[in-house]
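Work through the exercises below with the structure in view. Try each task before reading its solution.

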Amino acid sequence: MDVVVCCKLVPDLVEELEVNEAGTDLDWAAVRWVLNEFDDHALEEALLLKESTGARVTVLVPEADGAEEVLYTALAKGADRAIRLTGLPPGAGSRALAAAFSQVLPSVGYDVILTGVQAVDDVDGQVGGLLSGMLGLPYVGVVTGVEVDWQARRAVVRKEYAGGVVEELEVDLPAVLGVQSARKPPRYAPVSKVRQLMREGKAEALPAELPAVPRAAVRRVFRPQTDRRAQILQGPAEQAAAQLVAILEERGLLRR
Amino acid sequence: MPRTGLDKVDGVLEQEVAVLEGMDISGHWNRMFEQRVVWDYPTEILEKITGLPGGESLAWCYQCGKCVPVCPVDIVGDYGPRKVYRKAQLGVDLFRDPDLWLCTTCMNCLRVCPKAVDMIQIMPAVREVAVQEGQVPPELQKTFQNIAKYGNPMGESPRKRAEWVKDAGVPVTVLPADPRPVDVLWYVGSYPSYHPRGKDAARAMARVFFALGVDFGILGHEEWEDGDSVRLAGEKGLFEVLAERNIRTFAKYQFRRIVVTGPHEYNAFKKVYPQYGGEYEVLHYTQFLEPMIPRLREMFVREVRCRVTFHDPCYLGRHHGEYDAPRRLLQAIPGVELVEMPRCRENGYCCGGGGGGMWLDSFTRDYTRERLSDRRVREAVETGAEVLAVCCPYEVSRFEDAVKATGNDGKLVVRDIIELVDEALGSPRAG
């Protein structure tokens with residue numbers, strides 16, 4: 001039984017983010033990469049499934065600086081296969097990412113596909129849904145726990161709502177699940193184990209073709225702007241109020 | 001005599017005839033010369049520990065209890081080196097027991113142990129197995145991950161490691177940008193590079209070096225955590241990555257000796273890096289400055305009038321026998337009156353930060369009545385001192401928290417020795 005975890009790396013916010021010269025995107029060359037936190041939880045949930053049911057866990061990560069480390073860390077934690085997808089540019093977007101995953105998934109084989117429900121880079125949260133559409137599978141998002149019955153080809157998943165309400169859903173397999181958090185915090189991979197696996201070089205690579213997909217055009221990427229300093233209106237209340245009205249009128253913020 | 005395993009003997013044996021130094025002492029009571037009943041316990045856990053490289057000496061414990069009154073954790077909790085053996089004997093699995101993470105490797109038990117039972121070897125060996133099995137307290141796990149990814153325990157940007165330099169007020173050679181040969185490679189360390197109060201000490205050090213005309217450079221973003229506490233906390237693989245990386249970095253530059261801010265780096269570079277091919281002349285900053293005391297005396301322009309007590313860092317004192325350099329430096333500062341705490345020098349109390357303890361405070365809290373640093377701060381207050389002087393970068397943050405936690409805010413301030421030296425040289429007081 002195959003559990004596949006679709007991951008990606010996102011800019012590490014430990015470093016300052018730089019906007020490119022055109023002002024339309026991040027300066028990708030200046031970015032330090034880190035595994036998307038939600039994907040880390042998806043991986044943990046997959047490893048918990050492996051421990052409880054003996055599933056085989058495969059991790060897919062699009063190429064980026066730091067992807068190798070993510071792959072070998074996943075292997076050290078207990079994943080069985082770790083595959084780097086080549087040919088995707090940084091910041092590829094949900095649609096391209098979902099299309100690339102859907103290209104390679106049939107050859108990898110899957111019964112459950114887990115992915116982080118969203119990522120900090122675009123907060124788009126669409127990869128899971130798009131992927132399920134492309135593969136013709138059911139999708140459940142914001143999942144906080146998965147149990148599978150391989151024989152019945154069914155999974156019971158938990159979803160948490162605001163106010164502490166939990167929903168339990170039954171879903172036919174194969175299915176795509178967008179993971180909000182695993183049942184346990186992501187485990188630790190000892191560095192010596194990661195290094196040993198790096199020496200063995202077990203991680204694989206698969207080419208993904210960048211499909212032509214529609215994408216929203218970014219007009220401008222910019223930092224929140226800090227405005228000029230506040231102006232304190234002096235004098236008695238009536239006088240200050242009159243000044244305020246004048247200022248609002250002058251800036252076109254007043255409709256009479 | 002090393003004894004690596006224990007023989008489980010069925011029943012108790014007696015010698016039919018026992019002759020000792022010519023005297024016939026045959027009789028039932030001679031059973032004490034045979035296997036004692038104490039061995040009639042399950043030996044699996046003890047054997048698992050004593051079978052580890054570094055774990056052997058636990059078998060030598062004969063339960064004399066000399067370690068009990070000197071163990072800083074035993075004083076505030078139920079953990080104790082003697083109990084580690086006894087509990088293992090009773091089948092408590094140290095590999096999964098909270099006891100495993102309570103030892104701060106302060107070395108006070110080894111100092112008094114007549115059998116040389118060495119917790120500095122035993123604990124890291126057992127912890128290494130636990131780490132391999134993924135049994136790591138969460139806060140320690142986060143620290144390991146931060147150090148592996150960013151080269152510092154707090155998970156700060158490696159690019160910002162030398163940002164403190166901007167406010168030092170004196171020129172500091174950052175070797176990656178200006179790779180010239182220097183006399184002193186100053187390994188700044190993670191806490192002096194990033195912690196707000198640590199940075200105060202780093203800036204003070206830069207000013208003192210500059211005033212003395214020391215020809216020094218730092219490694220800036222190329223400096224990574226030394227890894228000694230990581231090693232003692234059981235992440236040997238990560239320590240090796242850090243050691244190899246730092247040794248490669250050191251090899252890129254020309255220097256005569258390394259001066260370190262912290263005793264943990266001192267221990268790493270002096271004792272452990274040589275095993276990985278990195279051999280250097282290493283000095284703790286107090287040792288480096290001690291010979292310059294006559295010059296410093298001529299340069300001091302200000303009295304730092306205060307009553308000071310000094311906390312011996314475990315890794316400078318007990319681990320390396322250096323008790324005098326920090327004290328001489330303190331006593332050279334005009335106006336400083338040094339008073340000792342009852343637990344000082346060889347029997348100095350531990351701040352709780354060593355051996356990974358720095359990153360286990362919320363874990364340890366559940367097994368101790370009082371934080372070690374809180375205890376130490378109370379001891380400092382009892383001397384009537386106004387200043388608790390330290391020379392280990394772990395301690396400023398630990399003791400400042402403890403001063404607040406024990407309600408001694410306003411009574412005691414914590415300052416690195418180098419800050420006091422800097423102040424006496426005329427710098428405006430920071431922190």
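The exercises cover an interface, a helix, a strand and salt bridges.

This is a predicted model: local features need pLDDT of at least 70, side-chain atom pairs count only at pLDDT 80 or more, and totals for chains, interfaces and linings use all residues. Residues are numbered from 1 along each chain as its sequence is written, chains are lettered from A and ligands numbered from 1 in the order in which they are written, and side-chain values use heavy atoms, with hydrogens and water left out.

**Exercise 1. The interface**

Describe the contact between chain B and chain A.

Step 1. Count residues. Chain B gives 20 residues and chain A gives 17 residues. Contact means heavy atoms within 4.5 Å.

Step 2. Take the area. The two chains bury about 1600 Å² between them, 45% of it on carbon and sulfur atoms. Buried area is the accessible area (1.4 Å probe) that two parts lose on being put together, summed over both. In chain B, the most area is lost by Gln132(B), Lys149(B) and Arg159(B), together 33% of what that side buries.

Step 3. Look for charge pairs. Three salt bridges cross the interface. A salt bridge is a side-chain nitrogen of Lys or Arg within 4 Å of a carboxyl oxygen of Asp or Glu. One of them joins Glu15(A) to Arg159(B), with the closest N and O atoms 3.8 Å apart.

Step 4. Place the elements. On the side of chain B that touches chain A, α5 (119–132), α6 (138–150) and α10 (236–252) each give two or more residues. Helices (H or I, at least four residues) and strands (E, at least two) are DSSP runs, numbered from the N terminus.

**Exercise 2. Helix α18 of chain B**

Is helix α18 (residues 417–424) of chain B mostly covered or mostly uncovered?

Step 1. Check burial. The helix is mostly covered, with eight of its eight residues buried. Buried means under 20% relative accessible area, exposed over 50%, partly exposed in between (1.4 Å probe, protein chains only). Charged side chains are in the list too: Glu419(B), Asp422(B) and Glu423(B) are buried.

Step 2. Inspect the ends. Asp416(B) caps the N-terminal end, placing a side-chain oxygen 3.0 Å from the backbone nitrogen of Ile418(B). After the helix comes Gly426(B), with a positive phi near 110 degrees.

**Exercise 3. Strand β10 of chain B**

Which residues cover the two faces of β10 (residues 387–390) of chain B, and which strands pair with β10(B)?

Step 1. Find the neighbours. Strand β8 (residues 306–310) of chain B pairs with β10(B) in the parallel sense over three bridges. Strands pair if DSSP finds at least two bridges between them. Thr309(B) has Leu388(B) as its bridge partner. Strand β11 (residues 413–416) of chain B also runs parallel to β10(B), joined by four bridges. There, Val413(B) stands opposite Val387(B).

Key. Polar contact = N/O pair within 3.5 Å; in protein donor to acceptor, adjacent residues only side chain to side chain.
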